[in-house]
Amino acid sequence: MAAAELSIIKPINPTTKFGRPTSKFNTLRPHSPSHFRVFATSQPTTTTTSSSATKPRPKKSVKTAIKETLLTPRFYTTDFDEMERLFNTEINKNLNQSEFEALLNEFKTDYNQTHFVRNPEFKEAADKIEGPLRQIFVEFLERSCTAEFSGFLLYKELGRRLKKTNPVVAEIFSLMSRDEARHAGFLNKGLSDFNLALDLGFLTKARKYTFFKPKFIFYATYLSEKIGYWRYITIYRHLKANPQFQVYPIFKYFENWCQDENRHGDFFSALMKAQPQFLNDWKAKLWARFFCLSVYVTMYLNDCQRTAFYEGIGLSTKEFDMHVIIETNRTTARIFPAVLDVRPEFKRKLDRMVEINRS
Ligand SMILES: [Fe+2]
Ligand SMILES: [Fe+2]
């Protein structure tokens with residue numbers, strides 16, 4: 001999963017009804033459910049940088065919160081029993097197992113196994129980012145890390161729950177959770193350059209989970225992966241063409257990183273093809289358009305609250321977002337039964353929402 005998240009529907013507390021995914025990250029800590037928590041520690045974090053292993057680290061400072069709002073990235077849970085039925089090859093004859101086996105081989109190849117290796121440039125670049133841009137950078141890393149980690153939790157649990165019913169699909173989910181753990185971990189190491197870290201174990205326990213029925217998980221997650229792909233590749237290409245805005249090396253990793261998101265999206269596309277009942281009637285058309293609308297609006301409102309970040313790397317926030325929306329919409333039209341009309345009138349309405357959101 002990637003930085004863009006759907007956030008329109010209110011979360012529930014999963015402890016009452018649904019199993020909670022487990023996390024391999026960190027230990028659990030006492031919680032304050034309405035906030036993210038960024039914890040401070042004087043322990044050095046694991047890093048591949050040789051210089052950071054020898055130099056004494058500054059003590060990490062305490063930072064307590066981003067307030068959780070309708071627009072913050074969420075964690076998801078679903079009806080795992082229904083998922084098991086949907087992926088049971090005896091019940092569902094539409095499952096194209098050879099396509100899933102081909103996808104599984106792609107995931108096993110693990111193209112980015114050695115991609116996420118840090119170097120001393122990260123800390124040096126972070127130290128040079130000052131003032132309001134520093135704060136907005138930290139927020140970007142926190143939000144992106146949370147969104148990636150959200151994907152990790154959901155995919156890990158799906159990998160676990162589908163093991164008996166459909167081992168091939170289950171293994172793909174597990175390998176996708178591997179990718180998302182890598183992405184979240186890399187962003188969290190980025191936070192350590194700013195002397196912070198997200199306590200992901202604490203988040204796993206403390207945050208509320210939004211429940212989506214499987215068909216909504218498919219629409220929302222497909223969109224999240226594809227919009228994530230377009231966001232990462234657009235930032236990467238922009239900074240390659242305009243290296244004077246390359247203020248922090250994490251963006252150099254986006255080219256390979258976004259290919260992970262693209263593969264994740266393609267897997268969801270294959271999953272939806274195997275569930276034609278979610279694609280072939282008037283209700284599916286309405287839901288498809290609703291999810292496009294929700295995802296695009298959430299991203300636009302979020303980004304327009306953080307223009308300093310996009311301007312800090314030389315982008316016009318609204319132009320960037322419209323490019324991402326148009327490209328995501330075009331990609332999505334290949335699988336969704338309907339998408340939005342994103343001609344200029346749509347942008348005028350988005351801008352109107354930005355104004356209302358400000359007042
Ligand atoms: Fe990801
Ligand atoms: Fe992903």
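Predicted model: local features only at pLDDT ≥ 70, side-chain atom pairs only at ≥ 80, totals over all residues.
Where do Phe137 and Tyr248 lie? Phe137 belongs to helix α5 (residues 131-161), while Tyr248 sits in the loop between α8 (214-241) and α9 (254-273), so their pairing ties together parts that are 111 residues apart in sequence. Tyr248 is buried too, with a relative accessible area of 0%.

Now turn to another pair, Tyr229 and Trp230. Their ring centres are 5.1 Å apart and their planes stand at 75 degrees; angles over 60 count as edge-to-face, so this pair is edge-to-face. Both Tyr229 and Trp230 are buried. Across the whole structure, a search finds 47 aromatic pairs.

Some rings have a charged neighbour instead. Arg118 lies over the face of Phe122, 4.8 Å from the ring centre. Over the ring of Phe75 you will find the charged end of Arg207, at 4.8 Å from the centre of that ring.

Stepping back, what does the secondary structure of the protein chain come to? There are 13 helices and four strands. The protein chain has 359 residues, and 56% of them count as buried. If you take the contacts between residues at least 6 apart in sequence, 86% join residues at least 24 apart.

Technical notes:
Residues numbered from 1 in each chain as written. Chains lettered and ligands numbered in written order. Heavy atoms only, no water. Phe/Tyr/Trp six-rings, centres within 6.5 Å; stacked < 30°, edge-to-face > 60°. Helix = DSSP H or I, 4+ residues; strand = E, 2+ residues; numbered from the N terminus. Buried < 20%, exposed > 50% of the residue type's maximum accessible area, 1.4 Å probe, protein only. Lys NZ or Arg CZ within 6 Å of the ring centre and 35° of its normal. Contact = heavy atoms within 4.5 Å.
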